[in-house]
Amino acid sequence: MFDFSIVTKWFHSLLCGVMPEWTAIGIECLIVLLFIIVLYAILAIVLIYMERKVCAFFQCRIGPNRVGKWGLLQVFADVLKMLTKEIIKMRQSDRLLHDMAPYFVLAASFLTFACIPWNKGLEILDFNVGAFFFIAVSGIGVVGILLAGWASHSKYPIIGAMRSGAQLISYELSIGMTMLTVIMLCGTMQLSEIVQQQADYGWNIVRGHVPAVLAFIIYLIAGNAECNRGPFDLPEAESELTAGYHTEYSGMGFGFFYLAEYLNLFICSAMAATIFLGGWAPLMIPGLDGFNAVMAYIPGFVWFFAKAFFVVFLLMWIRWTFPRLRIDQLLSLEWKYLLPISMFNIILMALVVCLGLTL
Amino acid sequence: MATTIIFFVLAAIILGCALLAVTTKHIMRAATYLLFVLFGTAGLYFLMGYTFLGSVQVMVYAGGVVVLYIFALMLTGRSDNQKEKSMSVAKKMAALIASLCGAAILLFVIISQKFAATVLTAPNEQLTSIQTLGQQIIASDKYGYLLPFEVVSVLLLACIVGGLIIARKR
């Protein structure tokens, strides 16, 4: 596997040669920021196009096919439309909080986005408490959604925000529990270290067998709920609440929520790929040396994106297959089933790790 | 150099938002400014290299306490008359005396304290690893945190039982 830290270290020493270290770090921070924003935008375009096409094929339609070849330019047309829309200002709404709310959601999305290890040696935020930091900053998004609902001063957004608050706080527990299961297996919270272990000893989902598979399934369910996506899209159920917490947003205010929703889908899938499916680690089958050598030639970020988009496809499949739940069913699913199962799963994983039953 | 600049930026954010939080007349805005103060504090922890403490600050205060505040404010409904009632003279005097006493205690603590570090340096985040913290919290020997940990969990259990009794349908 090619180690990207060689490139970043070379660049750092190159900059340090011509300027003091703190300016070099400042310039690197700006480059990293630009990198994050560009990647964020590209992924959003890819994901929105993919969602529309996948949705269309599940519903036996063709999907966007007029703007550009195979409708490839549809997303750009949508963005232009959204940018030129009139911003509706409402009386009696709290303008400051109303305008601020989308940025909370976006900030949470950016911070979690920065935690993902893209390749060996190519991580942006890599603390020794990486997984914990990831869960912590994903909680900021809830504040944005609640503020959006409250500041709109309208009944549908308030109901949507209420539902969303209850849903996100509940399902965060399951996400934390399943990530804890993996942390117990790896013995570290540093995300780059978790992936490195999987490159050395095999993917976590194979290494942790029964508890890891259970944790993976629970993570997918809870992750889908955490992204406000069907069958858990109660906060913005369009048939009951028009659009839930972002009903009163127009133009790019709505655009930011839309953007964050798709990127949260990607971040959730990327984290599933990182902690369960080996991140940038290539597929290695013990015994097949020729096959392993060929697989090792494929760069790490290709593996990472392939796995992440595989999980994205799984989540889209779930979204367009199942009908929406009721809010009481949603909460009882979390508190009465998923949470007890994941607690049991933690004990099972502890036993597996202590008795040395990992593969 | 860079750490000092970031420290002053964070300090300005904390002070500015703290002032806004107590001077604003809208309660939801006050909660939001409080959130920024807490983020600024988390930023200071990250600046000092205590990533675990910073993450806990974001998790507990941003993800927990402020969300709880906002939730409670939403559930209790908004007061449409944003005008505050004029306070009586006795109340004003009491508020003044309380703030003066608070300021005096705070100033006494700050002035009498000898601050060891004159320059802010960012230590390595490996200084206290998560493994050490995890072992300390369940250690029963000297400087171990097993007893406080258990006492806090008893307190939380009592809160849950109390909440259940209040919310139970007869």
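Predicted model: local features only at pLDDT ≥ 70, side-chain atom pairs only at ≥ 80, totals over all residues.
What percentage of the contacts in chain B between residues at least 6 apart in sequence join residues at least 24 apart? The share is 55%.

## Chain B

Chain B contains six helices and zero strands. Read from the N terminus, its elements follow the order α-α-α-α-α-α. Of the 170 residues in this chain, 14% are buried.

Val22(B) lies in helix 1 of chain B, which covers residues 2-23. Val22(B) is classed as exposed because it has 9 C-beta neighbours inside 10 Å, and the exposed class requires 12 or fewer. Between Val22(B) and Phe46(B), which are 24 residues apart along the chain, the C-alpha separation is 26 Å.

## Interface between the chains

Chain A gives 26 residues to the contact and chain B gives 23 residues. On the side of chain A that touches chain B, two or more residues come from each of helix 2 (21-58), helix 4, helix 5 (130-138), helix 6 and helix 7 (155-186) of chain A. Helix 6 of chain A supplies the largest share of that side, with six residues. By class, this side of chain A comprises 21 nonpolar, four polar and one charged residues.

One helix pair that spans the two chains is formed by helix 7 of chain A and helix 3 of chain B (residues 51-75), whose axes come within 11 Å and cross at roughly 145 degrees. The crossing of these two helices is left-handed. Helix 7 of chain A contributes Ile158(A), Met162(A), Gly165(A) and Ile169(A) to the contact, while helix 3 of chain B contributes Val67(B), Phe71(B) and Met74(B). Six of the residues in this contact are nonpolar, one is polar and none is charged.

## Helices 4 and 6 of chain A

Within chain A, the axes of helix 4 (residues 95-114) and helix 6 (residues 140-151) come within 7 Å and cross at roughly 160 degrees. Helix 4 of chain A is therefore roughly antiparallel to helix 6 of chain A, as the angle is over 145 degrees. Their crossing is left-handed.

The residues of helix 4 of chain A in this contact include Leu97(A), Met100(A), Phe104(A) and Val105(A). The contact of helix 4 with helix 6 of chain A is made up of 14 nonpolar, four polar and no charged residues.

## Nonpolar core

The largest nonpolar core has 111 residues, and the members that touch the most others are Val143(A), Leu146(A), Leu147(A), Val182(A), Leu263(A), Phe266(A) and Ala272(A). Leaving aside residues up to four places away in sequence, Leu146(A) touches Ala161(A) and Gly165(A) in chain A, together with Val67(B), Ile70(B), Phe71(B) and Met74(B) in chain B. Val67(B), Phe71(B) and Met74(B) also take part in the contact of helix 3 of chain B with helix 7 of chain A.

## Residues with positive phi

Cys60(A), a residue other than glycine, has a positive phi near 60 degrees. Cys60(A) sits in the loop between helix 2 and helix 3 (74-83) of chain A. With 6 other C-beta atoms within 10 Å, Cys60(A) is exposed.

His209(A), also a residue other than glycine, has a positive phi near 25 degrees. His209(A) belongs to helix 10 of chain A, which covers residues 209-226. Because His209(A) has 14 C-beta neighbours inside 10 Å, it counts as partly exposed.

Note on methods: Residues numbered from 1 in each chain as written. Chains lettered and ligands numbered in written order. Core = buried A, V, L, I, M, F, W, Y, C linked by C-beta atoms within 7 Å. Buried ≥ 20, exposed ≤ 12 C-beta atoms within 10 Å, placed from the backbone. Contact = placed C-beta atoms within 7 Å. Axes fitted to C-alpha atoms, helices over the stretch in contact; angles between N-to-C directions. Helix = DSSP H or I, 4+ residues; strand = E, 2+ residues; numbered from the N terminus. Parallel < 35°, antiparallel > 145°, perpendicular 65-115°, else oblique. Left-handed = near helix turned anticlockwise from the far one by under 90°. Nonpolar A, V, L, I, M, F, W, Y, C, P; charged D, E, K, R; others polar.
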